[in-house]
Amino acid sequence: MAGRFFILGTAGHIDHGKSSLVKALTGTDPDRLPEEKVRGMTIELGFARLAIDDPSHGESIEIGVVDVPGHERFVRTMVAGANGIDVAMLVVAADDGVMPQTREHIEILELLAIPRGLIVLSKKDLVSAERLGIIRAQIADAVRGTCLADWPMIDASARTLEGLDAIRTTLGGLTTLSAPRRKSAVFRLAIDRVFTIHGRGTVVTGSVLSGEIAPGAVLELMPAGATCRVREVQSHGSVVDGAGSGQRAALNLTGAEKSAVERGMELATPGYLCPTRYVDARVRVLARHEKPVASHSNVRVSIGTVEAMARLVGIGCDGIAPGGTGFVQLRFHSPVVAAFGQRFIIRNESARTTIGGGEVVRPVSRRVRPMHGDTLAAIQRAASADSLDRTREAVRRAGFAAWSSLRLACEVGVEPSDVPAMISQLSAAGELVSIGGRDVHREVILEIERRVEAYLRRHHALRPGEPGVAKDRLTGWIGMKSSPGVGREIVSRMEAAGIIAIRGPYAAHRDFRPALSAEDAAIMAQLVKEIGEAGFDPPEWSKLRTIAPLSRQRARALEDLAKTEPGLIMYGAGAFISTAAFVRFRDAVRELSAKNKRFKLADVRDRLGLTRRVVQPLLEHLDRLQLTRRVGDEREWVGGT
């Protein structure tokens, strides 16, 4: 028979009978520790299995039960148990009624957005019908305005077994109403127990949040980043071929020592999660909280099965008022892992009070300027209800860094298989540019180009007499500000767009010309004239008549300036030709190629009546400019008309 799998989590005040109800329903005592037996209270998470037949759908429903402690000191453990649950069962003892942890657990279930559940009035055999009515009214008042307000309420007794069938029937109905979890290619399990079995090694347990797992699978242990392999899979004490979303699972691992694994870590498909100390999120502060939560407050964050200290920094605000919602950056003291949309709980630094909770918007962030307008606008885009908008923002934020479908899926809350189609949409809209062997958002390219332009303008303003910035230096600077290896492509793009000019080994803004003194301007004019008069065969720089009387240092400085002179073209070391002469040479070669397709050096020599010594370096310069291309002993024109 086909099966459906769900996780049920209990909630409620200490000593309200949660564990007794679980035992009565399942036959399994979730209190497994000797200390729990002695003290009569749940300290650690307990687990049990409840199977319900669903004749209407011809399948069985297997419910993994997670029993949580109700004591205030163990709220952290309660939140860890609520991680990944599909259905919750809030238990309120009829003799006690609504108590402090009842209210706190209601808040936590609301903040975690648990979709469905039921409320059980336990210990009904200890009170009168009148008392039951009073407690029902108490509960209705406590859950008013929350997601629990419409949950069915059942009277029950673990001692007399009254109401247990009604609980099973209600659970069956709730799980039948629940849509099956979406099949995912990504496996995630938040670890809530770690132990060793003699001869078998490390075993971890947890609720499978997504995906499926089978023996032999390779997983990443996060945030440690270690790789391990699954030797065996169990579910509720039985060896199984595999486990999936909505099931409890125990994984026997190889390659992971128990000393390196602890509760709060996650096992996931390699490449999906990324450890970080900065997580951006949307947070709601409980209305009952007595004062606003100030920016830069120290808080405890329960996310997944880990509780971690963090500094809560308001984005675009100085704090969040009671009942209010705002964007924040959580700056953790040590790395954590998360995914888009993941829910979490925030408690105060001493862990005595629940402050509020929220959902992850950017699971991997970097330290932001919280009061900068662009920061708030960016996180609002990242929180969009449209997955394409979120993908666009994630790619833009990635800048020049490489990304994968797995990483984007984690950041924007989609399946990895959904990513290629969205990337194709962005590409078709002209939003992505291929550079450095990767797709980069157009705005990222435009931003680095704006920075390059500003950099050149600053350089020209500070050094107006210099010909520009050495091209190699500029490409290196761009690489440092973007990504290694993309500097040349950015320079080429900007040159083609006419934003910058490459003059010999120098790059300069298109509008820049070196500021020459009157004396230097006169010498440069004389040099242009002398080189121009020499036609196709001017002397080497050092042998020019204008240069001869100058010192070596002065001649070198003028040579650098000549490289930026529009009337001259440097085609080799110390070799200049007038722009007019070079254009005549280039046009002659192009006409020759148009007539004969391919040509030899001798053809150009004879056409222009020049020597081989003159023609060869000029043809090699055309090759470097990619206007001509060598094919054996011949050349062909490839530079267009």
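Predicted model: local features only at pLDDT ≥ 70, side-chain atom pairs only at ≥ 80, totals over all residues.
A residue is called buried when its relative accessible area is under 20%, exposed when that area is over 50%, and partly exposed in between.

| Salt bridge | Distance, N to O |
|---|---|
| Asp165 and Arg168 | 3.0 Å |
| Glu307 and Arg300 | 3.4 Å |
| Arg545 and Glu530 | 3.9 Å |

Asp165 and Arg168 belong to helix α6, which covers residues 164-177. They are 3 residues apart, or about one turn of the helix. Asp165 has a relative accessible area of 56%, so it is exposed. Arg168, at 24%, is partly exposed.

Glu307 pairs with Arg300. Is Glu307 buried or exposed? Its relative accessibility is 16%, and because the limit for buried is under 20%, Glu307 counts as buried. Arg300 has a relative accessible area of 25% and is therefore partly exposed.

The side chains of Arg545 and Glu530 also meet in a salt bridge. This pair links distant parts of the chain, with the two residues 15 apart. Arg545 sits in the loop between α14 (518-533) and α15 (552-562), while Glu530 is in helix α14. Arg545 is exposed, with a relative accessible area of 60%, whereas Glu530 counts as buried at 5% relative accessibility.

Salt bridges can also share partners: in this way Arg381, Glu393 and Arg396 are joined into one network.

How values were computed. Residues numbered from 1 in each chain as written. Heavy atoms only, no water. Salt bridge = Lys/Arg side-chain N within 4 Å of Asp/Glu carboxyl O. Helix = DSSP H or I, 4+ residues; strand = E, 2+ residues; numbered from the N terminus. Buried < 20%, exposed > 50% of the residue type's maximum accessible area, 1.4 Å probe, protein only.
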